[in-house]
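Here are my notes on this model. Please read them beside the sequence and the structure.

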Amino acid sequence: MNGGDDRFLATAYDYGHGLRFDPGCMTPQDQRAREITQVIAAAEARAEAHIWSEPNTVLVIDNTRVLHGRAAVATGDEDRALIRIAFNTKGAS
């Protein structure tokens with residue numbers, strides 16, 4: 001996943017858009033970036049995994065507040081559906 005013709009340099013934090021961290025396609029380019037990569041890796045060790053134990057459940061994540069990822073989907077799980085819905089919460093308290 002670290003190739004392609006559309007390579008570009010970008011910061012992991014973009015004011016107004018938040019944090020993007022994807023070690024599958026992002027490589028730290030300086031000492032500061034390497035240090036924050038270590039911080040994020042350490043935090044990942046403390047992260048909670050969401051376990052899908054009940055059918056017809058929903059997990060809502062606020063992408064502006066949470067750095068999240070997902071594990072690979074198990075093969076043979078044809079009943080799994082991923083639907084993305086955006087909510088505009090500007091002005092919500």
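1. How many helices and strands does the protein have? There is one helix, and there are two strands. Along the sequence the order is β-β-α. Helices (H or I, at least four residues) and strands (E, at least two) are DSSP runs, numbered from the N terminus.

2. A word on the source. This is a predicted model, in which local features need pLDDT of at least 70, side-chain atom pairs count only at pLDDT 80 or more, and totals for chains, interfaces and linings use all residues. Residues are numbered from 1 along each chain as its sequence is written, and side-chain values use heavy atoms, without hydrogens and water.

3. Burial comes next. Of the 93 residues in the protein, 2% are buried. Buried means under 20% relative accessible area, exposed over 50%, and partly exposed in between (1.4 Å probe, protein chains only). The protein exposes about 9,500 Å². Carbon and sulfur atoms supply 52% of that area.

4. Trp52, Leu59, Ile61 and Val66 make a nonpolar surface patch of about 370 Å². Patch members have over 30% relative accessible area and no salt bridge; nonpolar side chains (Val, Leu, Ile, Met, Phe, Trp, Tyr) are joined within 5 Å, like charges within 9 Å. A salt bridge puts a side-chain nitrogen of Lys or Arg within 4 Å of a carboxyl oxygen of Asp or Glu. Valine 66 sits in the segment after helix H1 (31-45). Valine 66 counts as partly exposed because its relative accessibility is 40%.

5. Check asparagine 56. Its phi is positive, near 60 degrees, in a residue other than glycine. Most residues other than glycine have a negative phi. Asparagine 56 lies in the segment after H1 and is exposed, at 79% relative accessible area.

Key:
Areas by Shrake-Rupley, 256 points an atom, 1.4 Å probe, with all protein chains shown as cover.
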